[in-house]
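Work through these exercises with the model in view. Try each task before reading its solution.

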Amino acid sequence: MSRECTLQPDQLRIYDGDLDLEIKQHGQTVWVTLSGIIDKPRMQRLIRRVGPRLGRRGFRIILDGRQLCHLDYRAVRPMLEWNRTLGFFDHKLM
């Protein structure tokens, strides 16, 4: 008799911390390295921290989430709204 089962990971990582981010700027490119967890309040904090670096038009904002543990679905709406707003100033969110 065969049973269906869900494979369990060898390791379980529980991250009960904050969002860590590193912001680097090279000319018209702002590179944001993310690690930890992004939820709605943390996404709003990220937006507030990146905004002052966008003094002129035409910046590229790169969100590097390779070290991100979790992106909460509630953070998506503020990110999409931010992307729309950035477009008014010819900025590109990548």
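**Exercise 1.** Which residue is the bridge partner of arginine 60 in strand 4?

*Solution.* This is a predicted model: local features need pLDDT of at least 70, side-chain atom pairs count only at pLDDT 80 or more, and totals for chains, interfaces and linings use all residues. Residues are numbered from 1 along each chain as its sequence is written, and side-chain values use heavy atoms, leaving out hydrogens and water.
- Find strand 4, residues 92-93. Strands (E, at least two residues) and helices (H or I, at least four) are DSSP runs, numbered from the N terminus.
- The partner of arginine 60 is lysine 92.
- Strands 3 and 4 pair in the parallel sense over 2 bridges. Pairing takes at least two DSSP bridges.

**Exercise 2.** Where does aspartate 72 lie, and is aspartate 72 buried or exposed?

*Solution.* 
- Locate aspartate 72: the loop between strand 3 (60-71) and helix 2 (76-87).
- Check its relative accessible area: 11%. Buried means under 20%, exposed over 50%, partly exposed in between (1.4 Å probe, protein chains only).
- So aspartate 72 is buried.

**Exercise 3.** Which residues of helix 2 are buried, and how are they arranged?

*Solution.* 
- The buried residues are Pro78, Met79, Trp82 and Leu86.
- An α-helix has 3.6 residues a turn, so residues three or four places apart point the same way.
- Turn to the face away from the buried side: Arg77, Leu80 and Arg84 are exposed there.
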